[in-house]
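Student: I'd like to take a close look at one part of this model with you. Could you walk me through the backbone there and then link it to what lies around it?

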Amino acid sequence: MDRIEILLAAMTLDEKIGQLIMVSSTLAVTGPVLPGDVAEGVRTGRVGSVFNHWGAGRVRETQRLAVEETRLKIPLFFAFDVIHGHRTIFPIPLAEAALFSPDLWERTAREAAVEATEDGLDLVFSPMLDVARDPRWGRISEGPGEDPWIACRMAEAKVRGYQTDDLSAANAVAVSAKHFLAYGAATAGRDYASAEVSDRAIEEVYLPPFAAAVAAGAATVMPAFNDVAGVPMTANAHLLRDVLIGRLGFDGAVISDYNAVMELLSHGVAADAVEAAALALKAGVDMDMMSGAYAAGLATALQRGLVTQDLIDDAVRRVLRLKQRLGLFDDPYRRVAATADAFHDVERRRLAREVGAKSIVLLTNKGVLPLAAAAKRIAVVGPLADARSEMLGSWGGAGKWEEAVTILEGLKAALPQAQITYVPGTEIETGGDAGIAAAVAASRGADVVLLCVGEAAIMTGEAASRARPELPGRQRNLAEAVLDLGIPTVALLTSGRPLMLPWLFERAAAVVATWFLGTEAGHAIADVVTGAVNPSGRLPVTWPRDVGQVPIFFGERNTGRPTDPDQHYTSKYIDMPATPQFPFGHGLSYSRFALADLHVSAEVLRPGETLTVEVAVANTGAVAGEETVFLFIRDPVASVARPLLELKGMAKAVLAPGGRQVLRLPLAADALKFPGLDLKPVLEAGDIEILVGTNADRTELLSTRIRVEV
């Protein structure tokens, strides 16, 4: 009998239930309740894990209570929301998605894991894999964007970076892939709202990223707050037990979200803690985070026959196996022994700066960027210019906002010879127009104006849905007053989502999506504005013109009456174009790139085969640059109507001026499968259109055809 089974045989019911309970310390608040001291619960074996609790000394002492003062000496594990960095904060995940670089996605996760383990953490509630196509939803900032293929690649990279090949290693942390499932499809973009999605959308859009995470070895999964078609995910036995555990083969632990088990009462599917605990456990939820339902109701549920002892034992077994995989039985202090390395701290900041600069998306540019050497008088206006506390964005982890570099600081460091005048003009969300006149006066004599506008960090992330994702407060008044001067104005947009600002895109000399870039935000932005870094970020989401277009994404189906602005009875709006402000993949460069010579290695593709798609990329500009090339397919005739575009690959070309490179992208027959009429994967015979380009605008794509034979 192995260690886990020996422990199970020795445990009382209270001790078993204790292993299924996760409580929060007081270092951070991730829900509506701030709990007290957890020490007594640990001593009595009523706590199996702790989150919001970090720092080597603090973790060591709390672990000591578990392994020295409890009867069975079962170690705790310690968890935290390490979403985009622990102490060194990297760009928000949506900004990182703009990298389109699995290598960099993995590297930032690896560095975050190292810092987290230096603080004694064993598990991170990351990555968030919710595909989102509605920028009203605040948590779009935390995920990979709109495309499931990209979300799959990000899932794989993040699991590799956090967990490594050896989860027991002292610098590895377990992931919690979240939020299973369809959380990004919240009705009307309101956080926590129901998801009314079809079974096909689940199979094609929302499930694949979690399948990729499971295949990559994700140690835990977190169910979403929302219900899917009326069944709350915390009680959704079909999606958790039948699909996640059964079909996908997930054998790790399932951890509820904050208070989610007890919220089954508010959902209206449980009358009390006993029923809520029984529903969650039967659905496959192993651990109850902070709701108290398992502590209050599980023993009674067992007495009433609502759950079985085997169900409880299986959940405990999975929790103990997780602790075993983390190496905690062999050395419960393994992640509190490391000490911070000053050299690597500096290197981590350097990586944050590099990733930040590469995450920036140049949306428009009428020739004003990069700033010319002749621009000696620069006016920096707007409430985000010197807003140190906003740079980290939502879920700043254990990062210290005081250590963040502001945009103003970055510009001053990069342009020491320039005369830089700064006036905020107004506040982000509150305040009036009183300061606008001073901002206009400061701008009047400038060679160029850098307009720093956008959202506050608290306006993105959880519980931060916005019905109108525009500039908050009086920022539009400030922007228009400055633009009225006719001086070249560069708008630097700080945000966690696309902002609908067609007037700004029309009038500004350049608009840059700077997102929330983290600790090195100011330096990263200055690197791009000055041309020290040639922008290479590309949009991981479709950017709408207006909130009335939402949800909007490139993978829509054609319908029986495809969009045609010249025909009345087609799928369109009568008051604005159906096309977005910017398509998925959009992003300008200081270089110019041209694609040509699209070829495929075979005209026929059969089951089990892989062909190669080749395209030549040339840098026709005057500076070195990096271009991202996307491989799309379209299945024009199938048993089920297929999307207009499906992303199946990407590659990058880094080229000097005049340089040329042939990119080769593999396309496997399996990648052409889709859920058939019975929702099971099928590969159908017929023609497939191959499309290659730098964004999802079909008018700009090169195309050819192949034939699938089965």
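Predicted model: local features only at pLDDT ≥ 70, side-chain atom pairs only at ≥ 80, totals over all residues.

Student: In which loop is the place of Ala188?

Tutor: Ala188 sits in the loop between strand E5 (174-180) and helix H8 (199-206). Its backbone deserves a look: phi of Ala188 is positive, about 60°, although the residue is not a glycine. Most residues other than glycine have a negative phi.

Trp395 belongs to the loop between E12 and helix H16 (407-414). With a relative accessibility of 18%, Trp395 counts as buried, because the cut-off is under 20%.

Now back to strand E5, which spans 174-180. Phe180 is among the residues with the most contacts inside the largest nonpolar core, which has 201 residues. Leaving out residues up to four places away in sequence, Phe180 touches Leu207, Phe210, Val221, Met222, Pro223, Ala224, Met233, Leu239, Leu240 and Leu244. A second, separate core has 24 residues, including Leu611 and Val692.

Leu369 is also on the list of residues with the most contacts inside the largest core, and the peptide bond from Leu369 to Pro370 is cis, with omega near -5°. Pro370 is found in the loop between strand E11 (361-365) and strand E12 (377-381). Another cis peptide bond joins Ser126 and Pro127, with omega about 5°; Pro127 lies in the loop between strand E4 (123-124) and helix H7 (148-163).

Conventions:
Residues numbered from 1 in each chain as written. Heavy atoms only, no water. Core = buried A, V, L, I, M, F, W, Y, C linked by side-chain atoms within 4.5 Å. Buried < 20%, exposed > 50% of the residue type's maximum accessible area, 1.4 Å probe, protein only. Contact = heavy atoms within 4.5 Å. Helix = DSSP H or I, 4+ residues; strand = E, 2+ residues; numbered from the N terminus.
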